[in-house]
Amino acid sequence: MKQLHTQIDEAIEVQAPLTDEQLQIVTAEALHFVIDLQKEFGARVKTVLKHRQIRKQEINQGKKLNFREDTKDIRQGEWKVAPIPKDLQDRRVEITGPAERKMIINALNSGAKVFMADIEDSLSPGWENIFNAQVDLRDAVNKTITYTHPETGKEYKLNDKTAVLIVRPRGWHLQEKHILLDGQPISGALLDFGLYFYHNAKTLLKNGTGPYFYLPKLESYEEAQLWNDVFVSAQNTLGLPAGTIKATVLIETINAAFEMDEILYALKDHIVAQNAGRWDYIFSYIKKHANNPEFICPERGQITMTQHFLRSYSQLLIQTCHKRGALAMGGMSAFIPVKGDDAANKKAMDSVKKDKEREAGDGHDGTWVAHPGLIPVAMEVFDRLMPTPNQRDNLRPDVKVSNDDLLQVPEGTITEGGIRNNIAVAIYYIEAWLGGNGCVPIFNLMEDAATAEISRTQLWQWIRHSATCDDGRTIDKKLFSDLFEEELAGIKQVVGEEAFSRGNFSEAGELMKNLVLQDELEDFLTIGAYNSLG
């Protein structure tokens, strides 16, 4: 381990202890490539984030989301995105997970068509995870990646045939505090994108694939245009042809649902697909309307893809993408295989199958899974219902979606069990995240930051508007606090005194409780919690 706390030049400082392998990634040349992107686009990142706050204030003041008048020409125009590379035309099953060495090998070998290596919601962004991810991704691209289990000695290496690799960098809202430009943290998104692109783009092209990215949490045409300009600049710097980079945009904010056409248009030389990122979408729907008592949502377990606002959004995404020649990817069921309980496992598998049948039947070109055990289930459904590589020719002219459809409040109830579940999920997840693990199985569901965000945001909303439980009780700060203490004590009993003390449970509980009880709703729990990471 080397302690690197150096001025690369008079403006660039790195504050992280890096291994020799990590230093092969964080080279002066690679850093200057990233910093040039920061210098060129850093101010625009701040501008789009400022515009998010302006739109948030407008919604808080009662302005209703709608399709933009100033971009009507884009929506009504006749245009299509650039051709899709051959290795991205069949994406019927994609597996997702953190960009960690063992996960990367297993996911690339899993039999899925695509692996999305995540440097975002399922990767806790401590310096070691971030820079190890870049080492591991470089080795994967070069097909030299191996892993030996420290306890069993089992060796892992890549098969001859692997999934197509797509990388998800952090969103625009997250910074990287370990790399400073003129004393200020740089954009986490630009760092993640820049290091991966700089080290791997030419090797990927030589291997017959390309530098492919998933773009998270976009809210507007302007944010997509910003990514497009980053791509153009990066390609020019490395002397690569226009359109080399290919992107898939996650439509996982309620704002973006009203700008799907515009986002495709802004990125039309680079984009190949949009994805119905359901969990962040639910979080965004709740968050954006959290101050409005007319938008009180039922507990998370009742907000399924059969709810009208979610069904409208997923079908609009299919129609919009196919009209423009892009793929329309489905989202992820949170169910995972249940070991040791055949009945629970069958119920989970049946739920996943039904979810995937709905997606394939609606016209989606593929779907996500979070566990290798779900690949056969999803693959069988898409092989059966989509015998061709994709179904872009399914234009869905029958779909008619208005802003009221996208905003319809989901139906359901709030139970004490739902309140307790939100509390427990948030505590368990934040505890793991603070410990460096951003992807956690909890109560037989795979959770990442999005589901923890739903949990704490719902609690804030219910308290804010004195929502009513199905048993008639008002949800207020006292009820929450009482249930919180009981759930925290229950967690302590489940994990044991020693594990509770050794872990981050108390800190996680305090952080979560503060987020729920404060007067203003925080946009992202990960922004404040990032200060607690090394």
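User: To begin with, how many of the 7 residues of strand β2 are buried?
Analyst: Bearing in mind that this is a predicted model, 5 of the 7 residues in β2, which covers residues 12-18, are buried, so the strand is largely enclosed by the rest of the structure.

User: And which strand do 3 bridges join to β2?
Analyst: That is β8, residues 175-181, and the two strands run antiparallel; within this pairing, E13 has L180 of β8 as its bridge partner.

User: Switching to charges, how many salt bridges does a search of the whole structure find?
Analyst: The search returns 51 salt bridges. One of them joins the side chains of E120 and R168, with an N to O distance of 3.3 Å.

User: Where do E120 and R168 lie?
Analyst: E120 is in the loop between β4 (114-118) and α5 (127-141), while R168 belongs to strand β7 (residues 164-168), so the pair ties together parts that are 48 residues apart in sequence.

User: Are those two buried or exposed?
Analyst: E120 has a relative accessibility of 4% and therefore counts as buried, and R168, at 3%, counts as buried too.

User: What about R384, which residue does it form a salt bridge with?
Analyst: R384 pairs with E357, and their closest N and O atoms are 2.9 Å apart. This pair also links distant parts of the chain, since R384 sits in helix α13 (residues 375-385) and E357 in helix α12 (residues 342-362), 27 residues apart. R384 is partly exposed with a relative accessible area of 41%, and E357 counts as partly exposed at 28% relative accessibility.

User: Which helix do R456 and E453 both lie in?
Analyst: Both are in α16, residues 449-464, where they are 3 residues apart, or about one turn of the helix.

User: Which residues are linked in a network of salt bridges?
Analyst: The network takes in R278, R311, D355, K356, R358, E359 and D362.

User: Now α7: what should its 18 residues span?
Analyst: At 1.5 Å a residue, helix α7 (residues 221-238) should span 26 Å, and its end C-alpha atoms are 26 Å apart, which agrees. Just after the helix, G239 adopts a positive phi of about 70 degrees.

User: What covers the buried residues of α7?
Analyst: The buried residues of the helix include Y221, W227, F231 and L238, and the elements covering its buried residues include α2 (28-60), α6 (188-206), β11 (246-250) and α9 (260-266). V232, which is also found in α7, counts as partly exposed at 31% relative accessibility, and its C-alpha atom is separated by 9.2 Å from that of T244, 12 residues apart along the chain.

Terms used. Residues are numbered from 1 along each chain as its sequence is written. This is a predicted model: local features need pLDDT of at least 70, side-chain atom pairs count only at pLDDT 80 or more; totals for chains, interfaces and linings use all residues. Side-chain values use heavy atoms; hydrogens and water are left out. Buried means under 20% relative accessible area, exposed over 50%, partly exposed in between (1.4 Å probe, protein chains only). Helices (H or I, at least four residues) and strands (E, at least two) are DSSP runs, numbered from the N terminus. Two strands pair if DSSP finds at least two bridges between them. A salt bridge is a side-chain nitrogen of Lys or Arg within 4 Å of a carboxyl oxygen of Asp or Glu. The expected span of a helix is 1.5 Å times one less than its number of residues. Contact means heavy atoms within 4.5 Å.
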